[in-house]
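Here is a short note for someone meeting this structure for the first time. Please read the points with the model open.

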Amino acid sequence: MPSDRTKFYLDKQNAKIKGVCAGIADYTGIDSAWIRIGAVMLTFMVGGPLIPIAYVVAAVVADKKPLHMYENSEQQKFWQGVRQSPARTTRELKSQFRDIDHRLADLEIYYTSNNKQLADEIDSLK
C-alpha cells in the first residue's frame with residue numbers, strides 16, 4: 001500500500017468540520033467524541049486563538065486519509081498500537097513469533113519422533 005500507516009491523516013469520512021479531530025481519533029485510537037470535547041475544552045481553557053489556529057493549520061497541512069487504508073478493524077487497531085507505542089508492539093510481535101516458533105518446534109519433534117501410529121497414518125495417506 002502506498003500510504004504510510006504511521007502518518008497523521010485528516011479523516012474526511014468521519015469529519016464534522018474538516019476532519020482534524022476525526023484524524024486525531026483515528027491516529028490515537030481514542031473515540032472522536034472525546035477528542036472533540038477535549039478540543040472545545042482546550043479552546044475555552046487556553047482562552048485565545050491558539051487551538052483554532054492549530055486546527056486550521058492542521059486542516060491545511062495534513063493529507064486526506066486514503067479510502068481503503070485498512071483492510072479491517074483488526075488491522076486498524078494494530079496500526080494504532082504501533083503509533084501509540086512501537087516498543088510495546090515490537091515486544092508483542094516478538095512474543096507471538098516466539099510462541100509460533102515453540103509450537104513449530106513441538107510439531108517437528110512430534111513429526112520426526114519414532115511414533116508408529118503417526119507413521120502408519122502418514123503411510124495410509126499415500
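1. Start with a term. A salt bridge here is a side-chain nitrogen of Lys or Arg within 4 Å of a carboxyl oxygen of Asp or Glu. Searching the whole structure turns up three salt bridges. Keep in mind that this is a predicted model.

2. Buried or exposed: which describes Asp26 and Lys65? Both Asp26 and Lys65 are buried.

3. Next come Arg88 and Glu92. Their side chains form a salt bridge at 3.9 Å, N to O. About one helical turn separates Arg88 from Glu92, because they are four residues apart in helix α5 (residues 86-112). Arg88 has 34% relative accessibility, so it counts as partly exposed. Glu92 is partly exposed too, with a relative accessible area of 44%.

4. Helix α5 also holds Asp99 and Arg103, four residues apart, about one turn of the helix. Their side chains meet in a salt bridge at 3.9 Å, N to O. Asp99 has a relative accessible area of 40% and is partly exposed. Arg103 reaches 54%, over the 50% cut-off, so it is exposed.

5. Now the overall layout. The protein chain has six helices and two strands. Along the sequence, they run β-α-α-α-β-α-α-α. The radius of gyration is 24 Å, well over the 14 Å that the globule rule gives for 126 residues, so the protein chain is more spread out than a compact globule. The C-alpha atoms fill a box of roughly 80 × 25 × 20 Å along the principal axes.

6. How much of the protein chain is buried? Buried residues make up 21% of the 126 residues. The protein chain exposes about 9,600 Å², and carbon and sulfur atoms supply 60% of that area.

7. Look at helix α2 as well. α2 has 15 residues and spans 21 Å from first C-alpha to last, close to the 21 Å expected at 1.5 Å a residue. Gly47 follows α2, with a positive phi near 75°.

8. Finally, check the surface. Ile30, Trp34, Ile37, Met41 and Met45 form a nonpolar patch there, with about 580 Å² of accessible area together. Trp34 lies in helix α2 (residues 32-46). At 59% relative accessibility, Trp34 counts as exposed.

Note on methods. Residues are numbered from 1 along each chain as its sequence is written. This is a predicted model: local features need pLDDT of at least 70, side-chain atom pairs count only at pLDDT 80 or more; totals for chains, interfaces and linings use all residues. Side-chain values use heavy atoms; hydrogens and water are left out. Patches are made of residues with over 30% relative accessible area and no salt bridge: like charges are joined within 9 Å, nonpolar side chains (Val, Leu, Ile, Met, Phe, Trp, Tyr) within 5 Å. Accessible areas come from the Shrake-Rupley method with a 1.4 Å probe; for residues, only the protein chains shown count as cover. Buried means under 20% relative accessible area, exposed over 50%, partly exposed in between (1.4 Å probe, protein chains only). The radius of gyration is taken over C-alpha atoms; the globule rule is 2.2 Å times the number of residues to the power 0.38. The expected span of a helix is 1.5 Å times one less than its number of residues.
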